[in-house]
Amino acid sequence: TEIYTLSLHDALPISVAAIAGADISAQLLALATDTDVSRVGELLDEAARARVLVTEAPGWRFAHDLYRETALALIPAVAKPALHAAVGRALHVLSGGGIDTAAVGGAARLAAHFVAAGTATKQEAVHYSLVAAAEATARLGHDDAAGHYTTALGLLGDADRDSQPRVQLLVALPRAWHRAGNAQATRGSYL
């Protein structure tokens with residue numbers, strides 16, 4: 001119950017932590033909320049004392065999924081896209097501008113936040129979906145790669161119908177399905 005006694009400004013990092021997912025770092029939340037990292041650390045420690053979070057090197061995690069789900073439920077739906085965008089941008093910074101996506105959990109994590117942010121981050125969502133597809137392909141996760149290509153295609157939509165990225169995606173998607181051994185999806189993506 002101590003989480004509810006925080007001021008609106010102090011509760012923001014906890015809300016962003018719920019959006020960010022399983023791995024919570026003070027640096028990520030500080031960047032995403034434009035709050036001093038030491039203040040974010042204090043708030044996270046306070047939430048840990050209230051047993052809402054637990055300390056898990058190198059950061060924190062929610063003590064139970066119900067705490068995270070409750071924090072997510074308290075965020076107005078209209079605010080969630082902006083929070084996802086803020087988390088995505090913070091992850092981008094922490095990954096060295098996208099150079100080391102593994103440092104923040106992989107490109108799929110960045111893609112998920114930028115996709116959830118909506119049209120305001122469409123370019124970033126497409127970019128990180130493509131990077132996530134490449135990462136999935138490198139680890140032989142061809143089904144995952146096809147999913148990322150499908151997401152990127154959906155983001156491009158009809159306005160980008162004849163664009164070079166769309167054409168490249170239309171070629172890459174059936175290849176990913178083929179490598180995954182899904183003949184039906186391969187044929188369907190060619191049609």
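Mentor: The account below begins with the chain and then turns to the core.

This is a predicted model, in which local features need pLDDT of at least 70 and side-chain atom pairs count only at pLDDT 80 or more, while totals for chains, interfaces and linings use all residues. Residues are numbered from 1 along each chain as its sequence is written, and side-chain values use heavy atoms, with hydrogens and water left out.

The secondary structure of the chain consists of ten helices and two strands; helices (H or I, at least four residues) and strands (E, at least two) are DSSP runs, numbered from the N terminus. Read from the N terminus, the order of elements is α-α-α-β-β-α-α-α-α-α-α-α. The C-alpha trace spans about 55 × 30 × 30 Å along its principal axes. Of the chain's 191 residues, 43% count as buried, where buried means under 20% relative accessible area, exposed over 50% and partly exposed in between, with a 1.4 Å probe and protein chains only.

A nonpolar core is a set of buried Ala, Val, Leu, Ile, Met, Phe, Trp, Tyr and Cys residues joined through side-chain atoms within 4.5 Å. The largest such core has 36 residues, and those touching the most other members are Ile24, Leu29, Leu44, Leu53, Trp60, Phe62 and Val87. At least two residues of this core come from each of helix 1 (8-20), helix 2 (26-33), helix 3 (37-49), strand 2 (59-62), helix 5 (80-94), helix 6 (107-116) and helix 7 (122-138). Helix 1 gives the largest share, six residues.

Phenylalanine 62 deserves a separate look. With neighbours within four places in sequence left aside, Phe62 is in contact (heavy atoms within 4.5 Å) with Ile14, Ala17, Ala18, Ile24, Val52, Leu53, Tyr67 and Arg68. Another core, of 15 residues, lies apart from the largest one and includes Ala133, Ala136, Ala172 and Leu173.

Glycine 118, with a positive phi near 90°, follows helix 6. In the loop between helix 5 and helix 6 lies threonine 101, which is buried, with a relative accessible area of 6%. Not counting residues up to four places away in sequence, threonine 101 touches Ser95, Gly106, Ala107, Leu110, Tyr128 and Glu135.
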